[in-house]
Structure formats: C-alpha cells, structure tokens
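Subject: Structure for you to look through

Dear colleague,

I am passing on the structure we talked about, and I would be glad if you opened it beside this message and followed along as you read. Please take your time with it.

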Amino acid sequence: MLNTSCSDSIILATLNATYMHTSLALRALLAYTQPRTRRDLRIMEFTINQTSTDVMAALYRERPGVLAFSCYIWNIETISKLVDDYKKAAPETVIILGGPEVSSDAAQVLAQNQGVDFIVRGEGEATLAELVAALDGEMPLDCVLGITYREPDGNIKSNPSRPVLLSLEYLPYPYDHGTDGLTGRLIYYESSRGCPFTCSYCLSAASPGVRTLSLERVKSDLDRILRLPVREVKLVDRTFNLDEKRARAIMEHILAVAGNSQVHLEIDAGLLSDAMLDFLVSIPAGRFNFEIGVQSTHPPTLQAVRRKQNWKRLSENISRLVESGKIHIHLDLIAGLPGEDLASFKKSFNMVYNLRPHLLQLGFLKILKGSPLAQECQSLSYAWQSHPPYQIISNPHLTYEDVLTLTRMEQLLDWYYNSGQMATTVEYIATHIYQHRPADFYQDLAGYWEHHGWWGRGQSQEALYTYLSRFIDDEHHLHLAPIQELLKYDYLLKHHRYTL
C-alpha cells in the first residue's frame, strides 16, 4: 500500500474556468465519500487563471495524505504539470485523477504522468469511496471497480469498469458541505444523468440512457438550493424537457419557491408541446434561461452525426419563446461538423441568427476523447489540435482558412450582437443592408478588420462603435446617416449617466 503518512486528510481539488463557476463533481464526491471514511475530506477550488505556483503552494500548506483532481479539457494540461511538480515536493502524497478528460484513456494518462497514482474512470462516487477504503486496508485494491493504477513493480493495471449506478436516489444531496464562498456565483445541480440521443460528437453518446432522480427528491433538493445566495443555478441535465410532465412540475415548483436566483436549463425546443409552450409564455419573466443546441440546420450534417431535428417545429417553438420575452434564449451552433462547408454553415448561421435569440454561441467542433466521432475522424480525414481543447483545424469540407474566418466572425458576433451594446444598429444592418444574411455581414466586417490591421490588439467599447461606423462609411455609404444615428442611440442607451 502507498504511504499516506503525510496526513489523514483528503483534498478534492479542481481548477474551474472562472471564479464564478463552481464544481458540482467535487461536492458530489465529498457528500458520498465522507460518511464512508474516518478521514477528513475537504474541497479546494482554484481557477485556470491562477498561477500553478500559487495553487501548488496552497495545496502543499495543507499536506493532504490524498490529493484528488477533477479533470476537464480546460484544466487537464495545468493539472498534469501541477501533479508532476507536487509529487516531487511531497512524494508520499497519493495523487488521484478523475473526470471525463482521463476516463477513456486512463492507462495512457498514467503512463505519461508519473506523478499520478490512480485514475478513477467514469462515475466517481462509489469508486472513490471504495478506493479510499482500499488505501486504508479495508478492502483489496484489485476489488475496486473502475480504477486504473500503478502497481509496485511499475506495471499499469486497469480493474474492470464499474456499472453505472442504476438508481440516483442513493446519491446524497451535494450541498450539505462546501457551501462557503458561493455567494453570487453559479452552482450546478443534476436531476438526471445521461442522454437519450446518440449525437456522435458528444460524450453522452458513448453511454446512452437516462436515469432520473424522483420528482419528490428533486423538489426537496431545489428547496434547499434556491435558498443559497447564488446568482444562478444551472441544471446539467442533457435534455431537461425529455419528460415534459416532469419538467413542467419542476419548473412550477421553482416558480413557487421564493428566491432571486435564475435557473438555467438545457432543453430540446423541438420537443415542446403546444400546452408546454402556452405555459412557458405565461410565466413571470426573468426566472429561467434556456440553452438550446441547434448545432446545424444542414440535413446531411445532421444525418452524419446521428442527430434528429425537425427544423420547422424547432424554429416555430424558438420564435414563440423569443417573442414572449419571458425566458432568456441561448442558441448554440457548432462549426466543423461532418459535411458542412463554409457556405452551408453560413446558411445555418443565418437561419438561427434570424430567430433573434438573446445569445448565439458560435462554437467549434472539439474531438472529445471517448466520443464516437473521435473513433471516426481518422477515416474522415480530420485535422484537430493534439492538445486540449482538441478543436478542429480542418476537414475535407472546411479549410483552415475557413476556420480562421469563422473564428473572426465568432469574435465579432460576441462584441456586436451577444454583448447587446449595439442591438438596434446590428439589427438594421442585418435586416436592411444585408437583407437577412447576417453571416455575410460578419464575414465582410471580419475582412475589413483584417485589411485595417485591427486584430490582435485590445479594443475599447468606443473603438467598436468607431470601427463599425467606418465600415459602413466605406462599404455601404448610402446607409451611413441612419447608422450614425442608430449608433448614437445605442451608445446613449447603454452608457447614459443621467436620467431626465
């Protein structure tokens, strides 16, 4: 057994993308494992913006006997370097990695990271609890399902995988501990695990099927969560409205609970019935945010990634939600999916943009380890980054030049549309100048920026207004007068300091 004499404590750690985010995984692991061990478990959360030196120093001061990290594409490279250094400073510390970024190729991760002792594969609650018991000599290490580890002779061994937990009811409420410092931040909750769909680019496709907490349990948990002084509660359910009756009951319960926290839900708008839409457009405004993954409207692409979509029903439902003004609507597109070139992606962009969502996210395909698409991409002649986030570089339908163009368009979309700073102006441009072809506008504007050398430097809010005015003056001079008036209107609307 490895030496854990450093201390009896276990620290569950991760690096979040920003300070506003929090880790549900760590709290779920703590809640499940703490009652099953004599050891003290604590959570330590950092961000990817902190230096590795500061993170390592904070962890070393605690001198845990076991140090476990939750690993994702945004933090795995930093964590890999961190544990290598940490093991040199405290070789007696047992280091465990878990999470989606290390589960599918655990043996390879161990081989490449000599500072790591164990990897927890897949769902971690029961596996971590048993691994801690094994470290304490309470059960044989080779009986712990779902782990990969280094044996005393240096060989790497993978125990059989652990079957998924059939009933989520065994999982405790995750926020009894580790709630310090949550004020004003985003927290996460899951009322179900899994996804019924098999989209090939998604990790959920590797293990289809959905398991749900009982409605009574979800209501009880939300009663407690919505009392926390947090900014937003995000349900991580892959398709929240899969069971519409259950989804509506949960939403009605949330509305009945006093509190100001917004609730973020990922839904499939194509599944919404007329009765559900009638309910959604009648609720009080400002309590819910919907994220809807459209991803593409190109039929061959949807077929290639095994994604079903009825665009007519989907677009009609989204339009009704947007027009009601009751729910913040966030739509997603993915560039780089099989079979979609620049022209067809721009068509998808136009169709989705013209639904007027409050936020449109133009993302890029990531070849996630363990996803079905990762197995198919070699035969599809894809090129993608060798290191996280594994983003597409090119494919047979999309050149790297196309990817660069879309990257520029994505940045301008965030600055000019998603920010809401120039809503009236960009609506006029998309509608009257570009005749409902907004993708052409953002592509033309990106090229104009390139011509003037504006990329690669910090841009003030005032500069964005100026550059847009110059673009219209040079490229669409007949519209300059109304654009200048609309820019003044938008600027005063967002930046006025006095009230009449």
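Below is a description of the chain as a whole, followed by a few places within it.

**The chain as a whole**

Please keep in mind throughout that this is a predicted model. The chain is built from 18 helices and 17 strands, and its C-alpha atoms fill a box of roughly 80 × 50 × 50 Å when this is taken along the principal axes. For 500 residues a compact globule would have a radius of gyration near 23 Å, and because the chain has 25 Å, its value agrees with that expectation.

Buried residues make up 51% of the 500 residues. If you look at contacts between residues at least 6 apart in sequence, you will find that 72% of them join residues at least 24 apart. The chain exposes about 22600 Å², and carbon and sulfur atoms supply 52% of that area. As for charge, there are 47 positive and 57 negative side chains, and the centres of these two sets lie 3 Å apart.

**A strand pair and an enclosed helix**

Strand β2 itself covers residues 41–47, and because five of its seven residues are buried, it is largely enclosed by the rest of the structure.

Among the buried residues of α6 are E125, T127, L128, L131, V132 and L135. Just after α6, G137 takes a positive phi of about 80°.

Further on, G146 is found in the loop between α6 and β6, the latter being residues 147–150. Is G146 buried or exposed? Its relative accessible area is 0%, and G146 therefore counts as buried, the cut-off being under 20%. Leaving aside residues up to four places away in sequence, G146 touches I119, V120, R121, T127, N159, P160, S161 and R162. For a sense of scale, G146 and R408 are 262 residues apart in sequence and 42 Å apart in space, C-alpha to C-alpha.

**Backbone details in two loops**

The loop between β16 (383–384) and β17 (392–394) holds P389, and the peptide bond from P388 to P389 is cis, with omega near 10°. Y390 is found in the loop between β16 and β17 as well, and Y390 has a positive phi of about 60° although it is not a glycine. With 9% relative accessibility, Y390 counts as buried.

Another residue to look at is H436, which has its place in the loop between α15 (423–433) and α16 (438–452). H436 has a positive phi of about 65° although it is not a glycine, and at 41% relative accessibility H436 counts as partly exposed.

Which residues does K494 touch, not counting residues up to four places away in sequence? K494, which is found in helix α18 (residues 480–495), touches G420 and Q421. The C-alpha atoms of K494 and Q421 are separated by 6.5 Å, while the two residues are 73 residues apart along the chain. At 44% relative accessibility, K494 counts as partly exposed.

K347 lies in helix α12, residues 342–353, and at 54% relative accessibility K347 counts as exposed. K347 and L265 are 82 residues apart along the chain, and their C-alpha atoms are separated by 27 Å. When you turn to the helices on your screen, recall that an α-helix has 3.6 residues a turn, so residues three or four places apart point the same way.

With best wishes

How values were computed. Residues numbered from 1 in each chain as written. Predicted model: local features only at pLDDT ≥ 70, side-chain atom pairs only at ≥ 80, totals over all residues. Heavy atoms only, no water. Helix = DSSP H or I, 4+ residues; strand = E, 2+ residues; numbered from the N terminus. Rg over C-alpha atoms; globule rule 2.2 N^0.38 Å. Buried < 20%, exposed > 50% of the residue type's maximum accessible area, 1.4 Å probe, protein only. Contact = heavy atoms within 4.5 Å. Areas by Shrake-Rupley, 256 points an atom, 1.4 Å probe, with all protein chains shown as cover. Lys, Arg positive; Asp, Glu negative; His and termini not counted. Charge placed at Lys NZ, Arg CZ, Asp CG, Glu CD.
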